[in-house]
2 protein chains.
Amino acid sequence: MNNFEWSNPTNIIFGKDTEKQVGQAVSGYSKSILIHYGSDRIKKNGLFDKVTASLEAEGIRWMELGGVKPNPRLGLVKEGIEICRKNNLDFILAIGGGSVIDSSKAIGVGVVDDGDIWDFFIGKRIPVKTLPVASILTIPAAGSEASKSCVITKEEGWYKRPINENVIKPVFAIMNPELTYTLPHNQTVNGVADIMAHIIERYFTSVKNVDLTDRMCEGVLKAVIDNAPILVDEPDNYAARAEIMWASTLAHNDLLSTGRIGDWGSHQIEHELSAIYDVAHGAGLAVILPAWMKYAYKHDVKLFVKFAVRVWNVDERFDDPERTALEGIERMKSFFSSIGLPVTLQELGIPTEEAKIDEMVKKAFEERAGGIGNFLSLKEKDVKAILMLAVE
Amino acid sequence: MNNFEWSNPTNIIFGKDTEKQVGQAVSGYSKSILIHYGSDRIKKNGLFDKVTASLEAEGIRWMELGGVKPNPRLGLVKEGIEICRKNNLDFILAIGGGSVIDSSKAIGVGVVDDGDIWDFFIGKRIPVKTLPVASILTIPAAGSEASKSCVITKEEGWYKRPINENVIKPVFAIMNPELTYTLPHNQTVNGVADIMAHIIERYFTSVKNVDLTDRMCEGVLKAVIDNAPILVDEPDNYAARAEIMWASTLAHNDLLSTGRIGDWGSHQIEHELSAIYDVAHGAGLAVILPAWMKYAYKHDVKLFVKFAVRVWNVDERFDDPERTALEGIERMKSFFSSIGLPVTLQELGIPTEEAKIDEMVKKAFEERAGGIGNFLSLKEKDVKAILMLAVE
């Protein structure tokens, strides 16, 4: 086990009707805030009105900025920064999923910084302060509500790059599973893929003696695997929505990577897919993860056997560990398919000609501090091989 | 799943040599602190000198108060409060295990309160503020380093009662597994029992649809079960010490009880044993838990079957769930014995005459707000039956 430092300062306020507590929760931090969101869905379904009523009851002044899209853009972040500066807003309340929260985090960091905010995303500078950010979560997936991550896409050149710093962890997250009942099927299952990917990326590590976090990763994965299929048939099943929602946070608040170093190669490869073709991140991960695994398993067959046996209940073939490992990967792929996720680039609907794949490979290595992948360090030829395995 | 609120504000600084970071960690909070500890062991082994050197390098003035005993006493707490007040110390650094940290928490709460501090322990008043408290952990067991719990024994009448409030969570915990190499065997295994009890008390719940926390409880238990026996033979095995140490925190920082209500009957019964006979808390739990389980399993046989199958790898007898459940309890008891824990009151060396048992039963219900046990609500006759099951 490696040395580590960990906390979860984000106060999780979880359960039915918790959105009504938002005014009180904000009032300890600010009296003038920016509400940041995506589409008008939250206005049509009454959530926005409920939130502003709760804020106003506490005497909190608010302004709004909607329009966040999946793979949130630097342009809108800059707009948010300007609004906060001009109107002395000193708190950002995100209502939405990972894209809205990431956009809010970027605004929070940008308001208190004088330089070029893109510096933080390409590792040129490290953010050391931010306005407080909090969220009302409506899409369980990215885990951004309690994470140190923030991923933004720069329109000029379509680069998608992250910040990973503790300072940007939100101060609270309001999580009512009922708010996720109306998520369309594809957003629900893309979220599931994202959650599972966050755990799997942490699971595949070169660090030895990490039994406790192994077991926790396996446990959270199993809870997701048991509950996700329920949501396909019963989108308003509170119990299953609650399990998935809480899993989304725990998958990415770094608890599951205490003492270990995750891989993150699949995420980095997927970022190129979604940056160039604007596909949903979760769907992209469902395609890349099995391909990455097929390419990577020989690097540590025993670890893939453990994954197969403990997570996917594969009967271990003690005389054929490779077959056991591959069976685990197949079961994961079948599981993704069974809940309606794409598992090939073709199903994802993006071009698979070699020239297009070469373009993604090239781009994956541009404007990046450090390499791709920790468990398995990838060069251009490796990324290409993984993408080729993902074609069909 | 129930509604819940959760955070882990305590910054965990985990790994080799981390005690050298203490000066820097304290300096953000205070320049005048009380160092609180138990025996002189930390002076003989050099830890105290290392700590004070690190503090002095940051210009931090310190005073000391040693002498904390297992089942920490109210008398010493009051002494600590006086020292802090007289010398304007505004931060408590605990060096030790749960007893020292609990004593420090009580001092922290007491310094900023004008009333009778015992009020907080019998539920008469609720603490709303404290001096910041932090620890350098030397005994992984109680989980007090990141918990909202604090248990103190009042000498007059030997009452042992708790505070459970978020406000008393420590600000940081320095956890170097190497500092636990020299723990004697009995302290090591008592710690293991305490850790397992914290998880098991949370596991047995009447709340339904708590798959995720079920799985995490099972996972942490399995990691403890796999690593504890290593420490019996190899007390200086870093990997196993690290797993147990991190498990001790996660067992009791309330992550594993998010959305569920634990039982805590065994803890409350054990508190009478250790208050009256001053036995080690962990050893007492190893005796009470199996007895409680034998008494409680019929209340929800399926849950005990799950515990047997998932935690203890019992082959499920689908036609005889009771036998499966009982086999799980037996395996736990055998496991405790195998690492050298007592599993009967006789092995614990305390009197088992009926009159003595009646005395414990009576005391368990005195000076207490609320009943005993949530999964299974216990009356006097139930507690007596459990203690009788624990005799031999």
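The side chains of A:Asn237 and A:Glu234 are joined by a polar contact of 2.9 Å, a polar contact being a pair of N or O atoms within 3.5 Å in which, within protein, one must be able to donate a hydrogen and the other to accept it, and residues adjacent in sequence count only if both atoms are side-chain atoms. The model is predicted, so local features need pLDDT of at least 70 and side-chain atom pairs count only at pLDDT 80 or more, while totals for chains, interfaces and linings use all residues. Residues are numbered from 1 along each chain as its sequence is written, chains are lettered from A and ligands numbered from 1 in the order in which they are written, and side-chain values use heavy atoms, with hydrogens and water left out.

The side chain of A:Asn237 also reaches the backbone nitrogen of A:Ala239, at 3.1 Å. A:Asn237 sits in the loop between helix H8 (211-233) and helix H9 (238-250) of chain A; helices are DSSP runs (H or I, at least four residues), numbered from the N terminus. With 19% relative accessibility, A:Asn237 counts as buried (under 20% relative accessible area, 1.4 Å probe, protein chains only). Beyond its neighbours within four places in sequence, A:Asn237 is in contact (heavy atoms within 4.5 Å) with A:Tyr181, A:Ile230 and A:Leu231.

Turning to the cysteines, the count over all chains is 0 disulfides, a disulfide being a pair of cysteine sulfur atoms within 2.5 Å. For A:Cys150, the closest cysteine sulfur belongs to A:Cys84 and lies 14 Å away, too far for a bond; A:Cys150 is buried at 1% relative accessibility. B:Cys217 has its closest cysteine sulfur in A:Cys217, at 16 Å, again too far for a bond, and B:Cys217 is buried with a relative accessible area of 0%.

Note on methods:
Buried means under 20% relative accessible area, exposed over 50%, partly exposed in between (1.4 Å probe, protein chains only). Helices (H or I, at least four residues) and strands (E, at least two) are DSSP runs, numbered from the N terminus.
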